Amino acid sequence: MEHPDQIDSVKAAQTDMRSAYLNGATGVLVSGLVWITTAVVISLFSTKHAIWALLVGGALIHPIGTLVNKLLGVKVPINKDNPLASLALEGTIFMRMSIPVAYGLALVRPAWFFQSMLMIIGGRYLTFHTLYGNKLYWLLGGVLGLSAYGLYTSNAQAMITTLTGGLIEIGFSIILYYDFSFRKQIGAARL
């Protein structure tokens with residue numbers, strides 16, 4: 001006999017992820033705020049300090065995003081049998097394994113650290129399409145990747161790169177949140 005909460009399809013797993021994490025919107029918002037904070041650190045201190053701000057802030061995205069979800073009243077924990085939870089963890093590990101490459105680029109030119117991190121994060125967001133079942137993540141990943149390339153080819157300063165990343169992610173977090181609300185209304189209307 002099947003457990004009533006058992007995840008039996010990719011769509012069910014994606015719905016579970018969307019419900020537990022508000023379509024990923026709060027995580028994207030927190031990430032965008034980390035980028036903006038990094039820009040502030042660049043203006044007040046140095047690029048070296050900003051690199052550490054992005055790394056430390058990046059490590060705190062999930063716990064802060066989870067806290068924001070709780071403050072917003074989201075009390076739906078992810079189903080313990082959701083197979084997509086491991087994909088989220090694997091994507092995080094891959095991203096962290098890529099950070100030394102970005103740091104190595106910073107030794108040549110500090111702004112390259114931020115541009116390469118935009119590219120790495122954009123690539124990671126492409127997998128969020130599978131996590132959440134939402135093609136907006138392909139768009140977000142593509143926009144970040146193209147922005148990173150454009151910022152690199154135009155020799156943009158670190159401040160411009162960090163502001164660009166922050167504004168893109170904050171903008172997409174709003175779109176993702178409203179997309180989640182819209183899907184929820186459509187689902188409720190069908191019942």
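Which residue just after α4 takes a positive phi? Gly73 does, with a phi of about 90°. The model described here is predicted, so local features need pLDDT of at least 70, side-chain atom pairs count only at pLDDT 80 or more, and totals for chains, interfaces and linings use all residues. Residues are numbered from 1 along each chain as its sequence is written, and side-chain values use heavy atoms, with hydrogens and water left out. Helices are DSSP runs of H or I with at least four residues, numbered from the N terminus.

- Helix α1 covers residues 10–21.
- Its 12 residues should span 16 Å at 1.5 Å a residue, and the end C-alpha atoms are 16 Å apart, which agrees. The expected span is 1.5 Å times one less than the number of residues.
- Ala13, Gln14, Asp16, Met17, Arg18 and Ala20 are buried in α1. Buried means under 20% relative accessible area, exposed means over 50%, and partly exposed lies in between, using a 1.4 Å probe and protein chains only.
- Leu22 follows α1 and has a positive phi, near 50°.
- Asn23 sits in the loop between α1 and α2 (25–44). Asn23 is not a glycine, yet its phi is positive, about 70°.
- With a relative accessible area of 0%, Asn23 is buried.

**Helix α3**

- Helix α3 (47–59) has 13 residues and reaches 18 Å from its first C-alpha to its last, close to the 18 Å expected at 1.5 Å a residue.
- The buried residues of α3 are Ala50, Ile51, Leu54 and Gly57. Seen down the axis of α3, they fall within an arc of 140°, so they line one face of the helix. The arc is that of the directions from the helix axis to the C-beta atoms.
- The cover over these buried residues of α3 includes α2, α4, α5 and α6.
- Ala53 also belongs to α3. Leaving out residues up to four places away in sequence, Ala53 touches Val34, Thr38, Val41 and Gly58. Contact means heavy atoms within 4.5 Å.
- Ala53 and Ala39 are 14 residues apart along the chain, and their C-alpha atoms are separated by 9.3 Å.

**Helix α4**

- Ile61, Gly65 and Asn69 are buried in α4. They cover an arc of only 70° around the axis, which puts them on the same side of α4.
- These buried residues of α4 pack against α1, α2 and α3.
- The face of α4 turned away from the buried side carries the exposed residues Lys70 and Leu71.

- Asn155 is in the loop between α7 (136–153) and α8 (158–190). Its phi is near 55°, a positive value in a residue other than glycine.
- Asn155 is partly exposed, with a relative accessible area of 49%.
- Thr162 lies in α8 and counts as buried, at 0% relative accessibility.
- Apart from neighbours within four places in sequence, Thr162 is in contact with Trp35, Thr38, Ala39, Ile42 and Phe114.

- The largest pocket holds about 800 Å³ of space. Of the 34 residues that line it, the closest to its centre are Ile61, His62, Thr92, Arg124 and Phe128.
- On a 1 Å grid over the protein atoms alone, a pocket is an open set of points where a 1.4 Å probe fits, with protein on both sides within 12 Å along at least five of seven lines; lining residues have an atom within 4 Å of a point. Grid points are joined across faces, edges and corners, and a volume is the space filled by probe spheres set on the points.
- Helices α1, α2, α3, α4 (61–71), α5 (84–108) and α6 (110–132) each supply at least two residues of the lining of the largest pocket.
- That lining has 21 nonpolar, 10 polar and 3 charged residues. Ala, Val, Leu, Ile, Met, Phe, Trp, Tyr, Cys and Pro count as nonpolar, Asp, Glu, Lys and Arg as charged, and the others, Gly among them, as polar.
- The second largest pocket has a volume of about 170 Å³. Its lining includes Ala20, Tyr21, His62, Asn69 and Lys70.
- Helix α4 gives the most to the lining of the second largest pocket, with 4 residues.
- By class, the lining of the second largest pocket has 6 nonpolar, 3 polar and 2 charged residues.
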